[in-house]
Amino acid sequence: MASANGMLIAQGKQPLFSFGLISDVQYADIPDARSFLGVPRYYQHSILVLERAVQRWNDHQKLRFAINLGDIVDGYCPKNQSLNTVKKVVDVFQKFRGPIYHMIGNHCLYNLPRSKLLPLLTIQSPDGHAYYNFSPVPEFRFVVLDAYDISAIGWPRDHPSTLEALKFLQEKNPNQDKNSPEGLVGLERRFLMFNGGVGKQQMEWLDKVLHEAAKLKQKVVVCCHLPLDPGASRKEGLLWNYDEVMDVIHRYNCVKVCLAGHDHKGGYSVDSHGVHHRVLEAALECPPGTDAYGYVDVYDDRVSLLGTDRMDSTDMYFNPQLDLLTRLLRDGRKQHSIICIGVSCFTFF
């Protein structure tokens, strides 16, 4: 995901604001291991990645806030250590000199119930839910979704959200192990227990928030632990009802970018309505001495992620023509060409 910064941001324009970004720290004080796909996971090193991220964000001095896209501790964390482990990671986040906006992921919910987790993450939302929105400047609004609103993990066993999720999985996934995609085809492979869905009440809330943002002519960034577009993620990582959520988002022209975690390798796509989807590379999968975090410069016409090390930098232009230009660079087209946009011409070799 090459950045076009060197050519397209030559005007020296200052961002409206900037913020830090990290996902899937999944710290645990246990030996390194591998995922079910065989990818190495560096459980004890991941908190060092976070510490370096916080230090870098503080050194930047102009970051308004930072966003954690979920999964700050790992599901293999010994359960008698869960509370202290979550507190330990939260303490590192709190060294950042600014607000931290958290969201919950499946690994968070493996460790603690919502009743204990949400207060530690200072997520204030009604009835144990974890969706909210905030506006750092009048021109922009951030919408944080609760990807495990309908979920078989995190809620009490007799909670309506748990019962709805179990019924849903029974209908959609015939495997005895509901975390197994065996036999599921195509996009059906997302119907796994470690994923979740957005419920009716949250969907109505989302529609209301986006309606208000559109009326105020705000640009919106949607944040969700689970990815919302198949082009940016493995099918096994998607929100159960990502299509319904995107139907709501596509009703309005205000949503410009969707940020997500969960699918550790990272990804990027632009959907049919021109919405950018950026899935972040996981801090957990950084070998010692490497990093995966970044910060984002927000302009009136684009969002530019400046990644560190294993996190790729990505420029996301709201103008479709300029976005096409960045995609040409990202696709690695080396042939000589000249592209003219308006009165500006850019030459590639």
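1. Cys 77 lies in the loop between strand 4 (63-68) and helix 3. Helices here are DSSP runs of H or I with at least four residues, strands are runs of E with at least two, and both are numbered from the N terminus. The model is a predicted one, in which local features need pLDDT of at least 70, side-chain atom pairs count only at pLDDT 80 or more, and totals for chains, interfaces and linings use all residues. Residues are numbered from 1 along each chain as its sequence is written, and side-chain values use heavy atoms, with hydrogens and water left out.

2. The relative accessibility of Cys 77 is 2%, so the residue counts as buried. The classes are buried for under 20% relative accessible area, exposed for over 50%, and partly exposed in between, with a 1.4 Å probe and protein chains only. Not counting residues up to four places away in sequence, Cys 77 touches Ala 28, Ser 82, Thr 85 and Asn 111; contact means heavy atoms within 4.5 Å. Between the C-alpha atoms of Cys 77 and Tyr 43 there are 9.3 Å, with 34 residues separating the two along the chain.

3. On the cysteines in general, the whole structure contains zero disulfides, a disulfide being a pair of cysteine sulfur atoms within 2.5 Å. For Cys 224, the closest cysteine sulfur is in Cys 258 at 8.6 Å, which is too far for a bond. Cys 224 is buried, because its relative accessibility is 0%.

4. For the chain as a whole, there are nine helices and 16 strands. Buried residues account for 56% of its 349 residues. Of the contacts between residues at least 6 apart in sequence, 65% join residues at least 24 apart.

5. Helix 2 (residues 46-60) and helix 3 (residues 82-93) have axes that come within 9 Å and cross at roughly 20°. Axes are lines fitted to C-alpha atoms, for helices over the stretch in contact, and angles run from 0 to 180 degrees between N-to-C directions. The two helices are therefore roughly parallel to each other; the cut-offs are under 35 degrees for roughly parallel, over 145 for roughly antiparallel, 65 to 115 for roughly perpendicular, and oblique for the rest.

6. Which residues meet where helix 2 and helix 3 are in contact? Helix 2 contributes Ile 47, Leu 50, Glu 51 and Val 54, and helix 3 contributes Lys 88, Val 89, Val 92 and Phe 93. By class, the residues of this contact are six nonpolar, no polar and two charged. Ala, Val, Leu, Ile, Met, Phe, Trp, Tyr, Cys and Pro count as nonpolar, Asp, Glu, Lys and Arg as charged, and the others, Gly among them, as polar.

7. The search for aromatic pairs finds 17 in the whole structure. One of them is the stacked pair of Tyr 101 and Phe 134, at 3.7 Å centre to centre and 5° between the planes. Rings of Phe, Tyr and Trp (its six-membered ring) pair if their centres lie within 6.5 Å; planes under 30 degrees apart count as stacked, over 60 as edge-to-face and the rest as tilted. Tyr 101 belongs to strand 5 (residues 100-102) and Phe 134 to strand 6 (residues 132-137), and the pair links these distant parts of the chain across 33 residues. Tyr 101 is partly exposed at 22% relative accessible area, and Phe 134 is buried at 10%. Both are in a cluster linked by ring pairs, together with Phe 17, Phe 19, Phe 65, Tyr 132, Phe 140, Phe 142 and Phe 318.

8. Ala 66 is in strand 4 and is buried, with a relative accessible area of 0%. Beyond four places in sequence, Ala 66 touches Gly 20, Trp 57, Phe 96, Pro 99, Ile 100 and Tyr 101. Its C-alpha atom is 8.1 Å from that of Ile 22, 44 residues away along the chain.

9. Two backbone values deserve a look. Most residues other than glycine have a negative phi. Gln 26 has a positive phi of about 45°, and phi of Gln 61 is near 70°. Gln 26 sits in the loop between strand 1 (17-22) and strand 2 (33-34) and is buried at 0% relative accessible area. Gln 61 sits in the loop between helix 2 and strand 4 and is exposed at 70%.

10. Ile 150 is placed in the loop between strand 7 (140-144) and helix 6 (160-172), and counts as buried at 10% relative accessibility. Ile 150 and Thr 162, twelve residues apart in sequence, have C-alpha atoms 6.6 Å apart. Leaving aside residues up to four places away, the contacts of Ile 150 include Ser 161, Glu 164, Gly 197 and Trp 240.
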